[in-house]
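Student: I'd like to learn how to read the contacts in a structure like this one. Can we go through it together?

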Amino acid sequence: MPQTLPDFSNSVKLKYVKLGYQYLVNHILYLLLVPIMVAILIEVLRLGPDEILNLWKSLHFDLVQILCSSFLIIFIATVYFMSKPRHVYLVDYACYKPPVTCRVPFATFMEHSRLILKNNPKSVEFQMRILERSGLGEETCLPPAIHYIPPTPTMEAARGEAELVIFSAMDSLLQKTGLKPKDIDILIVNCSLFSPTPSLSAMVINKYKLRSNIKSFNLSGMGCSAGLISIDLARDLLQVHPNSNAVVVSTEIITPNYYQGNERAMLLPNCLFRMGGAAILLSNRRRNRSRAKYRLVHVVRTHKGADDKAYRCVFEEEDKEGKVGISLSKDLMAIAGEALKSNITTIGPLVLPASEQLLFLMTLIGRKIFNPKWKPYIPDFKQAFEHFCIHAGGRAVIDELQKNLQLSAEQVEASRMTLHRFGNTSSSSLWYEMSYIEEKGRMKKGDRVWQIAFGSGFKCNSAVWKCNKTIKTTTDNPWSDCIDRYPVHIPEIVKL
Amino acid sequence: MTSEMITYICKRTVVSTKPAQAGKCNPLSVFDRLMEKNHIRIVYYFPSTRNGEPGVVTKKLRESLSHVLTCFPIVTGRLQKKDDGHWMIKCNDAGVRMVEARTQGSVEEWLKNVNRDKELMLVTWEDMFHKPYFWATFYVQLTEFEEGGLAIGFSCSHLLADPTSATMFVKAWADTTLAGTMLAPPFFHPLPPPRLGNKNPNHNPYTDLINHYKSTIDDRSPAFTNNITNYVTATLAFSGPMVQACMLDTSRPSPFEAMAGLLWVCVSKVKGMKQGLISMSICLDMRKQLGLDKGFFGNCLVYNKVHHAESLLDKSELSEAARAVGESVTKMNNERIMDLIEWLEHHDYEFPPLMNGHDLICANLEDLDPYATLFEEGFVPIRVSYYVEPVFGIGQILVLQSPPSEGPLSRMVMVTLPADELSKLCDDDLILRFNPTILMG
């Protein structure tokens, strides 16, 4: 992987040079402005008050001129304020905590696997090896229908799981924010693999008796990054509709997608995907400004679907026996890396401080003009963000991103611990990670958070949030009973 | 009622609510290892509860089972062989198997027409797999009766628990369902260690008990390895005054000795013994003798052959039989059991024996107290049946407590014999003298 500019950057002297350079470039405006202001002040003082008064009288002001200039100023100000995008605030969010009775320890998972796949010991071995290296813990949960021997993934069970997860998350959200169901103007539900008729958003509207003129959307098939796609959609809608509340529900329903065949590439999701969901309240109302937790700063979406390999790397299809499963291709990590690079190139200029952008530009120019063998400069994103929420898609994803972005262990801790405690909960995993950071007391006012998610297609979406107020730890969140045990050391291989 | 079918709804695994400590292993004691070939089945019958909706009670019980399993890591663990070839439990949190079922009628109707085969349908059991690491050692079946009532079938391998421990586990489950806490937490620790030093050089280990075990272990007679006898079980309820009368007749102070003597004589008669009594062993719980708490989880049942005097000229057969039983009971004291444990520690055997494979076994399960198992306030079990399977050899007698409404001295005896012998037993004069109510069989 490419390194930062010189090899001896570990040396202390260079560290101070680097710090000085960053300070210089990031505050260039102030550094230029201050001497100019000082110069003007000195000049003014030198001239003396009488001279200034004479200067003032010599300017002839016409009434028309004054009126026109003031109108111009007011006009420009109005246009500026009107065209400024509305601020979108995240008032609060709630994550679903599965009941303890749905817990699936490794031993139980392997035993069930053996009983169900009794004619395929190789597939069982494969699952065991995946589970050993997965980074999951012993407290992840699967829905009740998957606990049966053999599993009974009926539509009724799937609806049951959807109701359980979504309604619990919604109840929790309504209670936390004090929101009344009648005040919800926009509802977006995203669930990739389960899409019944009527839709899950209709199910929510029915249960909570939401208004008849609600703007509801149901996104399906968009993979693990659908959560951020929903946030993006909500943001766009909140630009058009003033004074509105938007509720986003992100979840993944496991019941209908439990693969019951033997194809190895398709058994992987069984080992990693677990029950989870989150409900988020976004608003553009002024009165929510003071009590909101975060403000949405940027959402950047990158889609690599134009490339055939990227399109086919996460593919739902039937295996030789006609059983439906999601096949993951071997070059998933490489494609994820490509998508990430693409996303970073777009988000970099939006969030990076001037110093990093300048360095990147210089190296880019240098590589193009002088010497193509120069190593490309990886901007230091730690300068742009205080917290990172990387979708807990699997241990490999987190490892890869940690390496690519050169993040420290503490910065990927939220992702790793979420994977350990909750497994891969798909689109809602980002919210569990946010919750972890909050419950650890690390979220302070002004902190910037970067959420990155990957999804089938192949997509890489990221969102940037700015913390609005220092967040106190609470007791009504999914981490409340176990946060003290974390962080835990997750061994490379857990011996089963 | 003859075409009652039990509809099986589902089978699943129930795990504890908190993860077990990783890597913990519990070795099995010498008494545990002897019982490899046996398993226990218990059926609890409960009357209808207030909650009429099907599935509600099952769900509640399943959740409380999860909670109670957190305190019993041995129950959710799996068997593995240690380096020295002996069994141990790896506490890997795999869970217990649960089967949910439903059947027509009410629990009272069922009890009127029940027999051994039907009762065993209420308990699920799977024999040890080829790879025991993936074999569940504990099974629970919840059968809801459509017109009211619930049957809880509990089975487990005898390697891990004896009837006392099994009853204690179900009681802990009931306490957790009722009040959220267990009244008597379990103890998982090994048997008392052998005494070191201070050995009387003239100490003569009690060889009768050890000989009995030695002969059982060495007994590899093929006759008991493929048994095709059709065994039937009958439950006889003896009322308090009748048990007292029997105790007076035999002049024994303990109801078990009186009942054991009575059954011994009657079974010998139906087996066709004109003179003398058939070979019988008693099986007693030795927790008190070993100074172990009642919550000791594991096997603590010891078998001992009963020796009787051949000449019965001037004493009645019944009192002689009861006296012989009493003598065997007294002989099983701390010192002798400790000697037995020591002998067992030093004597390995290649094949696990079948402790109940030869003699008539008479087990004392009087002190188990299963009727204190209340899952809901005020709902006492109507009946509790015990089975120690498989039954081989001459047969099996289990002396159990009766429901509390019958009085403290009343006893329920579950007799398992070949079908023809059992019907003869129920018509025997001596038995009928004590007027038992035949609850099953």
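Student: How much area do chain A and chain B bury between them?
Tutor: The size of an interface is often given as the accessible area lost when the parts come together. Here, chain A and chain B bury about 1600 Å² between them, with 58% of it on carbon and sulfur atoms. Buried area is what two parts lose in accessible area (1.4 Å probe) on being put together, summed over both. Keep in mind that this is a predicted model: local features need pLDDT of at least 70, side-chain atom pairs count only at pLDDT 80 or more, and totals for chains, interfaces and linings use all residues. Residues are numbered from 1 along each chain as its sequence is written, chains are lettered from A and ligands numbered from 1 in the order in which they are written, and side-chain values use heavy atoms, leaving out hydrogens and water.

Student: How many residues of each chain are in contact?
Tutor: Chain A brings 16 residues and chain B brings 20, where contact means heavy atoms within 4.5 Å.

Student: And how many salt bridges are there between chain A and chain B?
Tutor: Side chains of opposite charge can pair when their charged atoms come close. The rule asks for a side-chain nitrogen of Lys or Arg within 4 Å of a carboxyl oxygen of Asp or Glu. Between chain A and chain B the count is three. B:Asp93 and A:Arg103 meet in a salt bridge, at 2.9 Å from N to O. Over all chains, the count comes to 43.

Student: Where do B:Arg62 and B:Glu100 lie?
Tutor: Those two side chains form a salt bridge at 3.0 Å, N to O. B:Arg62 lies in helix 2 (residues 56–69) of chain B and B:Glu100 in strand 6 (residues 96–103) of chain B, so the pair ties together parts 38 residues apart in sequence. Helices (H or I, at least four residues) and strands (E, at least two) are DSSP runs, numbered from the N terminus.

Student: Is B:Arg62 buried or exposed?
Tutor: Buried means under 20% relative accessible area, exposed over 50%, and partly exposed in between (1.4 Å probe, protein chains only). B:Arg62 is buried because its relative accessible area is 18%, and B:Glu100 counts as buried at 9%.

Student: What about A:Arg46, which forms a salt bridge with A:Glu43?
Tutor: Their closest N and O atoms are 2.6 Å apart. Both residues lie in helix 2 (residues 28–47) of chain A, three residues apart, about one turn of the helix. A:Arg46 is exposed, with a relative accessible area of 60%, while A:Glu43 counts as partly exposed at 35%.

Student: Which domains is chain B divided into?
Tutor: There's domain 1 (7–179) and domain 2 (207–366 + 392–440), with bounds that come from an automatic or database domain assignment. Their C-alpha centres lie 26 Å apart. The contact takes 28 residues from domain 1 of chain B and 36 residues from domain 2 of chain B. These domains bury about 2500 Å² between them, 61% of it on carbon and sulfur atoms. B:Phe31, B:Leu34 and B:Arg116 supply 30% of the area that domain 1 of chain B buries against domain 2 of chain B, more than any other three residues.

Student: How many salt bridges cross the interface of those two domains?
Tutor: The rule finds one across the interface of domain 1 of chain B and domain 2 of chain B. As for B:Arg287, it forms a salt bridge with B:Asp162 at 3.1 Å between the closest N and O atoms, and another with B:Asp285 at 3.0 Å. B:Arg287 counts as buried at 3% relative accessibility, whereas B:Asp285 counts as partly exposed at 24%.
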